[in-house]
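My entries follow in the order I made them.

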Amino acid sequence: MNSTPDLTVVVPTYQEAENLPELVTRLFAAVSSAQVATELIIVDDNSGDATVEICEELSRTFPLRLITRTDERGLATAVMRGLEEACGRYIVVMDADLSHPPMSVPALMAPLESGAADFVIGSRYVHGGSVAEDWSLWRFVNSKVATFLAVGLTTAKDPMAGFFAIRRSSLVDLSTLNPCGYKIGLELMVRCGCKTVVEVPIHFADRKHGESKLNLREQWLYIQHLTRLYAFRYPDVLRFAKFAAVGVSGLVVDLMTFRASLPGLGLAAARALGIGTAMTWNYEWNRRVTFAGTGEQRSVGSYLRFCTACLSGAVLSWTTSLGLMNVVDAFQQRPVAAALVGTCVAAVVNYALCRIWVFSERSQETVESTLPEAIVAESAILPFEAPVQPDDQVVLPARKAA
Ligand SMILES: Nc1nc2c(ncn2[C@@H]2O[C@H](COP(=O)(O)OP(=O)(O)OP(=O)(O)O)[C@@H](O)[C@H]2O)c(=O)[nH]1
Ligand SMILES: [Mg+2]
């Protein structure tokens, strides 16, 4: 038997001692009959139940490693810790509560082995898959809504199952992952750029022992997590939304300034002051918020480029709306609609100019290269996990591969 396992199964646990003997026995029965050399890594967050003793006992028979974390709690970071420790060519992540059938583990690995998939999901919602009969309507709706919200990130039918497989070589630098909540599978699928996702049908059973650890707070974390993943997958959509929000706030500033200064300054000067104030306001907020990632510093040069971009937008808006009214019959009697189209075209072009010319990514390089080396290095490396004291973990050595 090769000492490097083909497969690492990662199981995060919190107070799952009662489920472990059955899980481990059934898992190794499945991988033995499929002749897959397997190691099991259990990442427990110091449950305070009999997890340590039970794992010690099981590790006499099975290649099992227990990692006990005392400095952190959370399903996603526990899985990431397991991924970090994995030695197998393929990795399967599953729950401890026997919701995920251990007998399906070889089937999850197979499409990775054959090259048919980059990511495999044990799926409840494909043909042949099912959930426990007494699954509540609340859980069903919850799972479906969560899946629907992720539709822009994956077309998989069950990305929330928590039972999945990936090649170890597909894993990106784990310190770049940023999952909050419990949808670590979705995080890996998106950030590791897995193109081919295959879903293998499973029967999702209800837990027999113990309690669910997932609550309403996790739903809120999921929304935050989704926002981050959408921003990662579609950076310009989110940035454009911020740009538009800044634009609307600038309109309010413009009108308020105009109104306040009109009695004292008269029409022409008050109008100029309103426009100038709004432009400065927009410049500052776009620099700080919309294009914050570029590190663009406040400067006369970038301010003038911004004003030029705004002016180009204004000219474009003016020509587009007049052109539409003069040339297109449908707009001749609809000047407001023509003005609206002009404004939209100008907003897109204005955004593009800001993105490419005013707050370009080039300016980030310039800023970083002027920073002392140590600061650049520190800001580039974000630890995903606080360092663990050696005393904090109990690692039971693997005895033999199945
Ligand atoms: N290490 C670690 N594992 C966790 C934590 N929270 C949950 N888990 C484990 O993650 C897996 C999924 O958690 P569950 O509580 O079963 O969540 P669920 O499947 O949505 O809910 P139920 O099946 O209804 O109980 C289980 O193996 C848990 O023991 C945690 O904070 N740390
Ligand atoms: Mg569960």
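**Entry 1: a helix pair.** I started with α6 and α7, which are roughly parallel to each other because of their angle (under 35 degrees counts as roughly parallel, over 145 as roughly antiparallel, 65 to 115 as roughly perpendicular, the rest as oblique). Helix α6 covers residues 184-191 and helix α7 residues 216-233; they pack at about 5°, axes 11 Å apart. Axes here are lines fitted to C-alpha atoms, for helices over the stretch in contact, and angles run from 0 to 180 degrees between N-to-C directions. From α6, Leu186, Glu187, Val190 and Arg191 meet Leu229, Phe232 and Arg233 of α7. I sorted this contact by class: four nonpolar, no polar and three charged residues. Ala, Val, Leu, Ile, Met, Phe, Trp, Tyr, Cys and Pro count as nonpolar, Asp, Glu, Lys and Arg as charged, and the others, Gly among them, as polar.

**Entry 2: ground rules.** The model is predicted: local features need pLDDT of at least 70 and side-chain atom pairs count only at pLDDT 80 or more, while totals for chains, interfaces and linings use all residues. Residues are numbered from 1 along each chain as its sequence is written, and chains are lettered from A and ligands numbered from 1 in the order in which they are written.

**Entry 3: the whole chain.** I found 14 helices and nine strands in the protein chain. These are DSSP runs numbered from the N terminus: helices are H or I of at least four residues, strands E of at least two. Of the 402 residues, 35% are buried. Buried means 20 or more other C-beta atoms within 10 Å of a residue's own, exposed means 12 or fewer, and partly exposed is in between, with C-beta atoms placed from the backbone. Among contacts with a separation of 6 or more, 81% join residues 24 or more positions apart. A contact needs C-beta atoms, placed from the backbone, within 7 Å.

Entry 4: How many residues of α6 are buried? Eight of its eight are. The cover over them includes α3 (75-85), β4, β5, β7, β8 and α7. Gly193 follows α6 and has a positive phi, near 60°.

**Entry 5: the sheet.** I traced seven strands in an open sheet, order β3-β2-β1-β4-β7-β5-β8, with mixed pairing. Two strands pair if DSSP finds at least two bridges between them.

**Entry 6: around β7.** Strand β4 (residues 90-93) runs antiparallel to β7, joined by four bridges. Tyr90 has Arg167 of β7 as its bridge partner. Strand β5 (residues 119-123) also runs antiparallel to β7 (residues 164-167), with three bridges. Phe119 stands opposite Ile166, and Val120 opposite Ala165. In a regular strand the side chains alternate between the two faces of the sheet. Both faces of β7 are covered: Phe164 and Ile166 are buried on one side, Ala165 and Arg167 on the other.

**Entry 7: helices on the sheet.** Helix α1 (residues 20-33) lies across β1 (7-13), β2 (38-44) and β3, at about 155° to β2. Helix α2 (residues 51-58) lies across β1, β2 and β3 too, at about 160° to β3.

**Entry 8: cores.** Which residues touch the most other members of the largest nonpolar core? Val10, Val92 and Ala165 do, in a core of 61 residues. Such a core is a set of buried Ala, Val, Leu, Ile, Met, Phe, Trp, Tyr and Cys residues joined through C-beta atoms within 7 Å. Leaving aside neighbours within four places in sequence, Val92 contacts Leu7, Val9, Val105, Leu108, Met109 and Ala165. I then found a second, separate core of twelve residues, including Phe243, Phe291, Tyr351 and Phe359.

Entry 9: Most residues other than glycine have a negative phi. Gln15, not a glycine, has a positive phi of about 55°. Gln15 sits in the loop between β1 and α1. It counts as partly exposed because it has 18 C-beta neighbours inside 10 Å. Asn46 also has a positive phi of about 55° and is not a glycine; its loop lies between β2 and α2. With 17 C-beta neighbours inside 10 Å, Asn46 is partly exposed.

Terms used
Contact = placed C-beta atoms within 7 Å.
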